[in-house]
Amino acid sequence: MSSLFGRTNVMNATQGVQDKELVSPPTDSISSVRFCPVANYLAVGSWDGSIRMYGVQAQGNMVNDEAKAMYSHSSPVLDVCWSPDGSKVYSASADNTARVFDIQTGQDIQIAQHDAPVRSVRFQADHGFLLTGSWDKTVKIWDPRSPGQIGMYDLPERCYAMDCAGSLLAVATADRHVMTVDFRLGSKPMPTSFASPLKWQTRALACWNPSGPSADPCVAVGSIEGRTGFHFMTPRDNHKNFTFRCHRQDSVPSKKDQSLVYAVNDISFHPIHGTFTTCGSDGTLSVWDKDARSRLMTLPRQPTSITSSSFSYDGKMLAYGVSYDWHKGCHTDADRTIKVMVHAVGDDEMKRKLR
(Lines give C-alpha, C1' and ligand atoms only; values in the text may rest on other atoms or scores of the structure.)
Protein backbone atom coordinates (compact mmCIF):
# COMPACT_ATOMS: atom_id res chain seq x y z
CA MET A 1 0.00 0.00 0.00
CA SER A 2 1.41 3.38 -1.00
CA SER A 3 0.60 6.69 0.62
CA LEU A 4 1.80 10.27 0.95
CA PHE A 5 1.90 11.15 4.63
CA GLY A 6 -0.51 13.86 5.68
CA ARG A 7 0.79 17.40 5.33
CA THR A 8 -1.37 19.01 8.00
CA ASN A 9 0.01 20.19 11.36
CA VAL A 10 3.57 20.20 10.01
CA MET A 11 5.83 22.50 11.98
CA ASN A 12 9.39 23.66 11.57
CA ALA A 13 12.01 23.23 14.26
CA THR A 14 11.69 25.41 17.35
CA GLN A 15 11.65 29.02 16.19
CA GLY A 16 14.70 31.09 17.08
CA VAL A 17 16.83 28.07 18.00
CA GLN A 18 19.90 27.40 15.89
CA ASP A 19 21.24 23.87 15.52
CA LYS A 20 24.82 23.53 16.75
CA GLU A 21 27.63 22.99 14.23
CA LEU A 22 30.31 20.84 15.85
CA VAL A 23 33.98 21.81 15.89
CA SER A 24 36.65 20.05 13.79
CA PRO A 25 34.45 18.31 11.21
CA PRO A 26 35.83 15.71 8.76
CA THR A 27 37.55 16.88 5.59
CA ASP A 28 35.45 14.76 3.21
CA SER A 29 31.84 13.58 2.96
CA ILE A 30 30.21 12.19 6.11
CA SER A 31 29.06 8.58 5.85
CA SER A 32 27.74 7.85 9.34
CA VAL A 33 26.88 9.62 12.62
CA ARG A 34 26.00 7.51 15.66
CA PHE A 35 25.32 8.49 19.27
CA CYS A 36 26.63 6.36 22.14
CA PRO A 37 23.83 4.22 23.67
CA VAL A 38 24.58 5.21 27.27
CA ALA A 39 26.21 8.67 27.24
CA ASN A 40 26.33 11.89 25.25
CA TYR A 41 29.16 10.98 22.92
CA LEU A 42 28.93 11.03 19.14
CA ALA A 43 31.00 9.04 16.61
CA VAL A 44 31.30 10.34 13.04
CA GLY A 45 32.69 8.33 10.10
CA SER A 46 33.88 9.98 6.90
CA TRP A 47 35.17 9.35 3.42
CA ASP A 48 38.46 10.91 4.54
CA GLY A 49 39.07 7.64 6.43
CA SER A 50 38.61 9.15 9.89
CA ILE A 51 36.35 8.35 12.82
CA ARG A 52 35.95 11.34 15.14
CA MET A 53 34.41 11.28 18.62
CA TYR A 54 32.75 14.27 20.23
CA GLY A 55 31.36 15.00 23.67
CA VAL A 56 27.98 16.66 23.21
CA GLN A 57 25.71 18.10 25.91
CA ALA A 58 22.25 19.63 25.58
CA GLN A 59 21.36 22.41 28.00
CA GLY A 60 17.80 23.47 27.26
CA ASN A 61 17.77 24.56 23.64
CA MET A 62 21.56 24.97 23.54
CA VAL A 63 24.19 22.37 22.65
CA ASN A 64 27.81 22.35 23.83
CA ASP A 65 30.43 20.18 22.17
CA GLU A 66 34.07 19.15 22.42
CA ALA A 67 36.25 17.08 20.09
CA LYS A 68 37.46 14.07 22.09
CA ALA A 69 39.40 11.57 19.94
CA MET A 70 40.07 10.34 16.41
CA TYR A 71 41.40 7.24 14.66
CA SER A 72 41.46 6.22 11.01
CA HIS A 73 41.34 3.59 8.27
CA SER A 74 43.41 3.58 5.09
CA SER A 75 40.25 4.01 2.96
CA PRO A 76 36.83 5.68 3.33
CA VAL A 77 34.80 4.80 6.43
CA LEU A 78 31.30 3.62 5.48
CA ASP A 79 29.66 2.99 8.87
CA VAL A 80 30.21 3.25 12.64
CA CYS A 81 28.54 1.87 15.77
CA TRP A 82 29.12 1.61 19.55
CA SER A 83 29.36 -1.25 22.00
CA PRO A 84 26.31 -1.46 24.32
CA ASP A 85 28.30 -0.10 27.30
CA GLY A 86 29.75 2.79 25.30
CA SER A 87 33.34 1.73 25.91
CA LYS A 88 34.22 0.99 22.28
CA VAL A 89 33.57 2.32 18.79
CA TYR A 90 33.47 0.01 15.76
CA SER A 91 33.98 1.14 12.17
CA ALA A 92 33.49 -0.39 8.72
CA SER A 93 35.65 0.66 5.79
CA ALA A 94 36.29 0.36 2.08
CA ASP A 95 39.69 -1.11 3.02
CA ASN A 96 37.82 -4.43 3.56
CA THR A 97 38.20 -4.30 7.34
CA ALA A 98 36.40 -3.30 10.52
CA ARG A 99 38.30 -1.76 13.41
CA VAL A 100 37.57 -1.23 17.11
CA PHE A 101 38.62 1.80 19.16
CA ASP A 102 38.90 1.52 22.95
CA ILE A 103 37.70 4.74 24.57
CA GLN A 104 39.72 4.14 27.76
CA THR A 105 43.09 3.29 26.20
CA GLY A 106 42.80 5.35 23.01
CA GLN A 107 44.03 2.36 20.98
CA ASP A 108 42.45 0.85 17.86
CA ILE A 109 42.96 -2.57 16.27
CA GLN A 110 41.53 -4.50 13.34
CA ILE A 111 38.73 -6.85 14.37
CA ALA A 112 37.21 -8.05 11.06
CA GLN A 113 38.27 -8.85 7.50
CA HIS A 114 36.25 -9.27 4.30
CA ASP A 115 37.05 -9.83 0.62
CA ALA A 116 35.40 -6.54 -0.39
CA PRO A 117 34.50 -3.22 1.28
CA VAL A 118 32.66 -3.53 4.60
CA ARG A 119 29.46 -1.52 4.21
CA SER A 120 27.85 -1.91 7.65
CA VAL A 121 28.75 -2.75 11.24
CA ARG A 122 26.42 -3.43 14.19
CA PHE A 123 26.71 -4.91 17.69
CA GLN A 124 24.29 -7.66 18.75
CA ALA A 125 23.88 -7.06 22.47
CA ASP A 126 21.94 -10.21 23.44
CA HIS A 127 24.75 -12.55 22.39
CA GLY A 128 27.62 -10.08 22.67
CA PHE A 129 28.98 -10.32 19.16
CA LEU A 130 29.80 -7.99 16.28
CA LEU A 131 28.15 -8.17 12.84
CA THR A 132 29.75 -6.88 9.63
CA GLY A 133 27.97 -6.71 6.27
CA SER A 134 30.06 -6.49 3.10
CA TRP A 135 29.95 -6.12 -0.65
CA ASP A 136 31.45 -9.63 -0.75
CA LYS A 137 27.85 -10.83 -0.20
CA THR A 138 28.30 -12.00 3.38
CA VAL A 139 27.42 -10.98 6.91
CA LYS A 140 30.13 -12.20 9.26
CA ILE A 141 29.84 -12.71 13.03
CA TRP A 142 32.81 -11.87 15.26
CA ASP A 143 33.63 -12.35 18.94
CA PRO A 144 34.95 -8.96 20.15
CA ARG A 145 36.43 -10.48 23.33
CA SER A 146 38.86 -12.73 21.44
CA PRO A 147 38.92 -11.46 17.85
CA GLY A 148 37.98 -14.16 15.41
CA GLN A 149 35.13 -15.09 13.10
CA ILE A 150 32.53 -17.33 14.75
CA GLY A 151 29.85 -17.47 12.04
CA MET A 152 28.64 -16.19 8.69
CA TYR A 153 25.49 -15.63 6.65
CA ASP A 154 25.61 -15.74 2.85
CA LEU A 155 23.67 -12.95 1.16
CA PRO A 156 21.99 -13.07 -2.25
CA GLU A 157 23.74 -9.82 -3.21
CA ARG A 158 26.00 -7.04 -1.90
CA CYS A 159 25.10 -5.53 1.48
CA TYR A 160 23.80 -1.98 1.07
CA ALA A 161 22.46 -1.33 4.59
CA MET A 162 22.13 -3.19 7.91
CA ASP A 163 20.63 -2.57 11.33
CA CYS A 164 20.14 -4.47 14.57
CA ALA A 165 17.63 -3.59 17.30
CA GLY A 166 17.35 -5.99 20.22
CA SER A 167 16.98 -9.48 18.80
CA LEU A 168 16.08 -8.27 15.28
CA LEU A 169 18.71 -8.04 12.53
CA ALA A 170 17.86 -6.80 9.03
CA VAL A 171 20.13 -6.58 6.00
CA ALA A 172 19.23 -4.89 2.71
CA THR A 173 21.13 -5.90 -0.40
CA ALA A 174 21.30 -5.11 -4.08
CA ASP A 175 18.35 -6.29 -6.19
CA ARG A 176 15.90 -5.27 -3.43
CA HIS A 177 16.45 -8.27 -1.13
CA VAL A 178 15.97 -7.90 2.63
CA MET A 179 17.20 -10.64 4.98
CA THR A 180 16.06 -10.75 8.62
CA VAL A 181 17.25 -12.80 11.60
CA ASP A 182 15.54 -13.25 14.98
CA PHE A 183 18.27 -13.88 17.55
CA ARG A 184 15.73 -14.94 20.16
CA LEU A 185 15.95 -18.30 18.39
CA GLY A 186 19.67 -18.78 19.15
CA SER A 187 23.12 -17.42 18.32
CA LYS A 188 22.84 -18.32 14.61
CA PRO A 189 19.19 -18.93 13.68
CA MET A 190 17.99 -19.47 10.14
CA PRO A 191 17.32 -16.21 8.29
CA THR A 192 14.11 -15.25 6.53
CA SER A 193 13.77 -12.84 3.66
CA PHE A 194 11.32 -10.62 1.81
CA ALA A 195 11.45 -8.35 -1.20
CA SER A 196 11.70 -4.65 -0.51
CA PRO A 197 8.31 -2.95 -0.87
CA LEU A 198 10.08 -0.26 -2.92
CA LYS A 199 10.77 -0.55 -6.65
CA TRP A 200 14.24 0.99 -6.77
CA GLN A 201 17.64 0.53 -5.11
CA THR A 202 17.66 0.44 -1.31
CA ARG A 203 19.77 3.17 0.30
CA ALA A 204 18.73 3.09 3.98
CA LEU A 205 17.33 0.62 6.53
CA ALA A 206 16.38 0.78 10.22
CA CYS A 207 14.79 -1.63 12.71
CA TRP A 208 12.16 -0.78 15.32
CA ASN A 209 11.84 -3.51 17.94
CA PRO A 210 9.94 -2.39 21.08
CA SER A 211 9.24 -4.74 23.98
CA GLY A 212 5.90 -5.84 25.41
CA PRO A 213 3.02 -8.11 24.34
CA SER A 214 1.58 -5.52 21.95
CA ALA A 215 4.94 -4.72 20.34
CA ASP A 216 4.98 -4.31 16.58
CA PRO A 217 8.58 -4.88 15.40
CA CYS A 218 9.18 -3.62 11.90
CA VAL A 219 11.82 -2.81 9.31
CA ALA A 220 11.86 0.54 7.54
CA VAL A 221 13.63 0.83 4.17
CA GLY A 222 14.39 3.92 2.12
CA SER A 223 15.35 4.05 -1.53
CA ILE A 224 16.80 6.28 -4.22
CA GLU A 225 13.27 6.97 -5.50
CA GLY A 226 12.32 9.31 -2.64
CA ARG A 227 10.15 6.73 -0.92
CA THR A 228 10.14 4.86 2.40
CA GLY A 229 8.43 1.56 3.17
CA PHE A 230 7.52 -0.32 6.36
CA HIS A 231 7.44 -4.10 6.70
CA PHE A 232 6.01 -5.43 9.99
CA MET A 233 7.61 -8.64 11.20
CA THR A 234 4.70 -10.24 13.10
CA PRO A 235 2.23 -11.99 10.75
CA ARG A 236 -0.75 -10.46 12.57
CA ASP A 237 0.62 -7.01 11.70
CA ASN A 238 1.33 -7.60 8.00
CA HIS A 239 -1.78 -5.62 7.08
CA LYS A 240 0.01 -2.55 8.43
CA ASN A 241 2.70 -2.68 5.73
CA PHE A 242 2.82 0.54 3.73
CA THR A 243 5.01 2.88 1.70
CA PHE A 244 4.98 6.64 1.32
CA ARG A 245 6.63 9.36 -0.76
CA CYS A 246 9.18 11.72 0.81
CA HIS A 247 12.16 13.88 -0.16
CA ARG A 248 10.51 15.16 -3.29
CA GLN A 249 10.06 18.67 -4.60
CA ASP A 250 7.82 20.39 -7.11
CA SER A 251 9.53 21.41 -10.35
CA VAL A 252 8.19 24.93 -9.81
CA PRO A 253 6.51 26.23 -6.62
CA SER A 254 3.16 26.75 -8.32
CA LYS A 255 3.06 23.23 -9.80
CA LYS A 256 2.28 20.47 -7.31
CA ASP A 257 3.89 17.69 -9.32
CA GLN A 258 6.59 16.35 -6.90
CA SER A 259 8.66 15.57 -9.99
CA LEU A 260 12.09 16.24 -8.43
CA VAL A 261 13.01 13.00 -6.65
CA TYR A 262 15.83 12.60 -4.11
CA ALA A 263 17.32 9.57 -2.36
CA VAL A 264 16.50 8.68 1.25
CA ASN A 265 19.95 8.46 2.85
CA ASP A 266 19.14 7.38 6.41
CA ILE A 267 16.30 6.48 8.79
CA SER A 268 16.45 6.84 12.59
CA PHE A 269 13.91 5.96 15.29
CA HIS A 270 13.41 8.06 18.40
CA PRO A 271 14.35 5.80 21.35
CA ILE A 272 11.35 6.81 23.47
CA HIS A 273 8.46 7.87 21.25
CA GLY A 274 9.03 5.55 18.28
CA THR A 275 8.62 8.36 15.78
CA PHE A 276 11.31 8.42 13.11
CA THR A 277 13.36 10.66 10.87
CA THR A 278 14.30 10.43 7.22
CA CYS A 279 17.08 12.51 5.71
CA GLY A 280 17.85 12.86 2.04
CA SER A 281 19.79 14.20 -0.90
CA ASP A 282 17.49 17.22 -1.00
CA GLY A 283 19.13 18.59 2.16
CA THR A 284 16.09 18.06 4.38
CA LEU A 285 15.40 16.03 7.51
CA SER A 286 11.79 15.31 8.49
CA VAL A 287 10.20 13.66 11.52
CA TRP A 288 7.28 11.26 10.93
CA ASP A 289 4.67 9.38 12.95
CA LYS A 290 4.27 5.92 11.40
CA ASP A 291 1.06 5.18 13.31
CA ALA A 292 -0.78 8.41 12.46
CA ARG A 293 0.96 8.44 9.08
CA SER A 294 1.75 12.12 9.33
CA ARG A 295 4.77 14.37 9.19
CA LEU A 296 5.50 16.11 12.49
CA MET A 297 8.22 18.59 11.58
CA THR A 298 11.01 19.43 9.14
CA LEU A 299 14.35 21.02 9.94
CA PRO A 300 15.51 23.98 7.82
CA ARG A 301 16.93 22.90 4.46
CA GLN A 302 20.70 22.50 4.27
CA PRO A 303 22.86 23.66 1.32
CA THR A 304 23.67 20.07 0.34
CA SER A 305 22.65 16.50 1.19
CA ILE A 306 22.02 15.18 4.71
CA THR A 307 23.76 11.81 4.69
CA SER A 308 23.14 10.32 8.15
CA SER A 309 21.27 10.96 11.41
CA SER A 310 21.12 9.62 14.96
CA PHE A 311 19.26 10.27 18.22
CA SER A 312 21.02 10.43 21.57
CA TYR A 313 20.22 7.65 24.03
CA ASP A 314 17.71 9.83 25.92
CA GLY A 315 16.16 11.29 22.77
CA LYS A 316 17.07 14.86 23.71
CA MET A 317 19.48 15.44 20.82
CA LEU A 318 19.43 14.66 17.11
CA ALA A 319 22.73 14.64 15.21
CA TYR A 320 22.97 14.76 11.43
CA GLY A 321 25.76 14.95 8.87
CA VAL A 322 25.65 17.51 6.08
CA SER A 323 27.84 16.81 3.03
CA TYR A 324 27.66 15.99 -0.66
CA ASP A 325 26.55 12.38 -1.19
CA TRP A 326 27.70 12.14 -4.83
CA HIS A 327 24.19 11.47 -6.13
CA LYS A 328 24.98 13.69 -9.13
CA GLY A 329 28.48 12.30 -9.68
CA CYS A 330 31.67 14.35 -9.78
CA HIS A 331 30.12 17.71 -10.68
CA THR A 332 32.48 20.58 -10.00
CA ASP A 333 29.58 22.88 -9.12
CA ALA A 334 28.25 20.65 -6.32
CA ASP A 335 28.14 22.31 -2.90
CA ARG A 336 30.99 20.84 -0.84
CA THR A 337 29.78 21.98 2.58
CA ILE A 338 30.86 19.50 5.30
CA LYS A 339 29.46 19.86 8.80
CA VAL A 340 28.13 17.83 11.71
CA MET A 341 25.00 19.37 13.23
CA VAL A 342 23.19 18.68 16.50
CA HIS A 343 19.57 19.68 17.10
CA ALA A 344 18.34 20.08 20.69
CA VAL A 345 14.99 18.25 20.60
CA GLY A 346 12.03 20.27 21.88
CA ASP A 347 9.62 18.74 24.38
CA ASP A 348 6.86 18.13 21.82
CA GLU A 349 8.78 17.82 18.56
CA MET A 350 9.06 14.01 18.52
CA LYS A 351 5.87 12.99 20.33
CA ARG A 352 3.19 11.10 18.50
CA LYS A 353 0.03 13.04 17.82
CA LEU A 354 -3.13 11.51 19.30
CA ARG A 355 -5.71 10.72 16.66
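**Reading surface, fold and core**

Q: What does the accessible surface of the protein chain come to, and what share of it belongs to carbon and sulfur atoms?
A: Accessible areas come from the Shrake-Rupley method with a 1.4 Å probe, and for residues only the protein chains shown count as cover. Here the protein chain has about 15,300 Å² of accessible surface, and carbon and sulfur atoms account for 49% of that area. This is a predicted model, in which local features need pLDDT of at least 70 and side-chain atom pairs count only at pLDDT 80 or more, while totals for chains, interfaces and linings use all residues. Residues are numbered from 1 along each chain as its sequence is written, and side-chain values use heavy atoms, with hydrogens and water left out.

Q: What percentage of the residues count as buried?
A: Buried means under 20% relative accessible area, exposed over 50%, and partly exposed in between (1.4 Å probe, protein chains only). Of the 355 residues, 57% count as buried.

Q: Which residues of the largest nonpolar core touch the most other members?
A: A nonpolar core is a set of buried Ala, Val, Leu, Ile, Met, Phe, Trp, Tyr and Cys residues joined through side-chain atoms within 4.5 Å. In this 15-residue core they are Phe230, Phe244, Ile267, Phe269 and Phe276. At least two core residues come from each of β20 (202–208), β21 (218–223), β22 (227–232), β23 (242–245) and β26 (264–269). Contact means heavy atoms within 4.5 Å; beyond its neighbours within four places in sequence, Phe230 has contacts that include Cys218, Phe244, Phe269 and Lys290.

Q: Where are Asp175 and His247 found?
A: Most residues other than glycine have a negative phi. Asp175 has a positive phi, near 65 degrees, and lies in the loop between β17 (168–173) and β18 (177–182). His247 also has a positive phi, near 50 degrees, and sits in the loop between β23 and β24 (248–249).

Q: Is each of them buried or exposed?
A: Asp175 is exposed, at 56% relative accessible area, whereas His247 is buried, at 7%.

Key:
Helix = DSSP H or I, 4+ residues; strand = E, 2+ residues; numbered from the N terminus.
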